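Subject: Structure for you to look at

Hi,

Here is the structure I promised to pass on. Please open it next to this email and follow along.

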Amino acid sequence: MSEMTSSDVVIVGAGPVGLTLAIDLAWRGIDVTVVETRARAEPPEPKCNHVAARTMEIFRRLGLAEKVRNAGLPADYPHDISYRTTFTGAELTRIKIPCRRDRFTAKDGPDCNWPTPEPPHRINQIFLEPILFEHAAAQPRIKIINRTSAEDVVVEDHSAHLGLRDLDSGNVRRLGCRFLIGCDGARSVVRKAIGAEFAGDAVVQRVQSTYIRAPDLIDRQRHEPAWGTGSINPRRAGMVYAIDGRERWLVHNYMKPEEGDFETVDRDACIRTILGVDQDFKYDIISKEDWYGRRLIAEKFRRACAFIAGDAAHIWVPYAGYGMNAGIADAMNLSWLLAAHLNGWAPASILDAYEAERWPITSQVSRFAMSHAEAEIHRRGAVPETIEDAGVIGELARREVGHLTYEINVQQYACAGLNFGSYYDRSPIIAYDGSEPPAYTMDSYTPSTVPGCRTPHLWCADGRSLYDALGEGFTLLRFDLFADVAALEGAARNRGVPLKVLDIEQSNSKQASTGQAGTSTFGGSGLVLSRPDQHVAWRGDSQPDDPLALIDRIRGAANQTSQAEIGRAA
């Protein structure tokens, strides 16, 4: 075993969560080492089909949004969700989602008019991950070690160290770090090292998943193509996702409760039933990955200097496509906290906010997904035998099932609430003012400046997105251009906290053309303090009586300060 080397931050796992975390830390001036078992350019399994709007906002800030949006399906390939009796059968209903060519111009439909400069994008992980990897590998602050496994992880109070095993040579060397982050999936070695156990629902559903090549399938459809196609009949329920818009498809077979284990179910017969094709139809299996839908959350996300994020911290049924996106939300929360400490303007106590903020959100979001899964599973078990019949009876069955299916599923495929509605209501680094955050559902939310909520988006008078105008650190949005903020600026300088003052004059024409709310969503506050992760840290009609106390609160150095001292100024 070779001697130990060291790094400020080590990330175990170079999937989308680990890579985005590394890119963001490097953007914030932090050196990072990433450890990954796969070889460079080795493709992931075809999963994570959806990049949420909140994640696209992050990619925009990091200079990646355009590359991501231009990858995946062909520009004119519909991103719709179609539900049919089989993939090649009669259509029951369709959820309209713009193709990427029309994403910024389409106005009609449940997935349009997003209150953001970056609406969602449908793209499989096999296209997304190489973009992230290429960008990360080009950053001088990021070192990626491929074909290497992390083992023998030891977490101490102020440092961690681990063995790095070269999977080709078998050689092991030790690596030390100030902070260790596990983005290494459901079997996380970092989660085990911090002694965190999963708790929740171990099996919600079982899915036999097969990645196939079938060039002839696209022309066998009776209806316009769709990104996702649900198969609904009494024999078998499944989903088919278009991967490249030409010949590659991902087929999910939802197994029935009474069926045995994965290998006892005839994979080929199930695929043909879902597709609606006979034995003469030719396809090739590229890979298969059978999995359990679960709702599991680690009892803790941190011990001392080690943290977990993404599937290492939580797993749930992948409705609303939010597994990867929730992991990236974890990563962005942790990234700015770590950078604040490592860059010297926040004490280590700021890191207490990670678990305090992310654990409740994880529990909240997982229950949304769980509730939706239960509704879908119930629907799958109640498909009428007449759904494929000709004539009036069949038409009636198809219409009723189509209506129910649309109502259940439009929420997960146009999930603005899940993207923007969640809030941090028990954070040690937010200055609360006694106001309640607005409630939200999977598909709807109310923009708000209640501390802890996402900073609402608007278009500025110069045509820029508010999010493009925000600073790298904190940004004080000044709606009252006569408000004196000198003392608050001075307190931030005193503590070394990066603070940009941004005077807001709204572009009413662009606001109207996009159908988005404007400055009214900011609740009339003259001042709104937005954090580096675009959540509201504080708001007021004027700067607080004790600006230094507010600055200490938001940088994690005011654990003993009364919230009442900092709260919204009169």
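**The largest cavity**

H7 gives the most residues to the lining of the largest cavity, namely five. Keep in mind that this is a predicted model.

How many cavities does a search of the whole structure find? There are four of 30 Å³ or more. The largest holds about 270 Å³ of space. Its lining has 23 residues. The closest to the centre are Arg-54, Ala-329, Arg-358, Tyr-424 and His-535. Start with those five names when you look for the spot.

Which elements give two or more residues to this lining? They are helix H2 (53–61), helix H7 (323–342), helix H8 (352–380) and helix H10 (416–420). By class, the lining of the largest cavity has 11 nonpolar, seven polar and five charged residues.

**The second largest cavity**

This one has a volume of about 80 Å³. Its lining includes Phe-420, Gly-421, Pro-438, Ala-439, Tyr-440 and Tyr-445. Thr-446, Pro-447, Ser-448, Cys-453, Arg-454 and Pro-456 line the second largest cavity too. By class, eight of its lining residues are nonpolar, three are polar and one is charged. Remember Tyr-440 from this lining. That residue comes back below, in an aromatic pair.

**Arg-555**

Where does Arg-555 lie? Look in the loop between helix H14 (547–554) and helix H15 (563–566). Is Arg-555 buried or exposed? Its relative accessibility is 14%, so Arg-555 counts as buried. The cut-off for buried is under 20%.

Now follow the side chain of Arg-555. It reaches the backbone oxygen of Trp-345 at 3.4 Å. A polar contact also joins the side chains of Arg-555 and Asp-552, at 2.9 Å. Leave out residues up to four places away in sequence, and Arg-555 touches Trp-345, Ala-346, Pro-347, Ile-350, Arg-495 and Val-497.

**Aromatic pairs**

A search of the whole structure finds 11 aromatic pairs. Two of them are worth a look.

Take Phe-307 and Tyr-354. Their ring centres are 5.8 Å apart. Their planes stand at 75°, so the pair is edge-to-face. Phe-307 sits in strand E18 (residues 306–308), and Tyr-354 in helix H8. The two are 47 residues apart, and the pair links distant parts of the chain. Phe-307 is buried, with a relative accessible area of 0%. Tyr-354 is buried as well, with a relative accessible area of 0%.

The other pair is Tyr-423 and Tyr-440. What kind of pair do they form? It is edge-to-face, with 6.1 Å centre to centre and 85° between the planes. Both residues lie in the loop between H10 and helix H11 (466–469), so the pair ties together parts that are 17 residues apart in sequence. Tyr-423 has 16% relative accessibility and counts as buried. Tyr-440 has 11% relative accessibility, and counts as buried too.

One more thing to find: Phe-179, Phe-301, Phe-307 and Tyr-354 form one aromatic cluster. Phe-307 and Tyr-354 are the pair from strand E18 and helix H8.

Best wishes

How values were computed: Residues are numbered from 1 along each chain as its sequence is written. This is a predicted model: local features need pLDDT of at least 70, side-chain atom pairs count only at pLDDT 80 or more; totals for chains, interfaces and linings use all residues. Side-chain values use heavy atoms; hydrogens and water are left out. On a 1 Å grid over the protein atoms alone, a cavity is a set of points where a 1.4 Å probe fits but cannot get out, and a pocket is an open set with protein on both sides within 12 Å along at least five of seven lines; lining residues have an atom within 4 Å of a point. Grid points are joined across faces, edges and corners, and a volume is the space filled by probe spheres set on the points. Helices (H or I, at least four residues) and strands (E, at least two) are DSSP runs, numbered from the N terminus. Ala, Val, Leu, Ile, Met, Phe, Trp, Tyr, Cys and Pro count as nonpolar, Asp, Glu, Lys and Arg as charged, and the others, Gly among them, as polar. Buried means under 20% relative accessible area, exposed over 50%, partly exposed in between (1.4 Å probe, protein chains only). A polar contact is a pair of N or O atoms within 3.5 Å; within protein, one must be able to donate a hydrogen and the other to accept it, and residues adjacent in sequence count only if both atoms are side-chain atoms. Contact means heavy atoms within 4.5 Å. Rings of Phe, Tyr and Trp (its six-membered ring) pair if their centres lie within 6.5 Å; planes under 30 degrees apart count as stacked, over 60 as edge-to-face and the rest as tilted.
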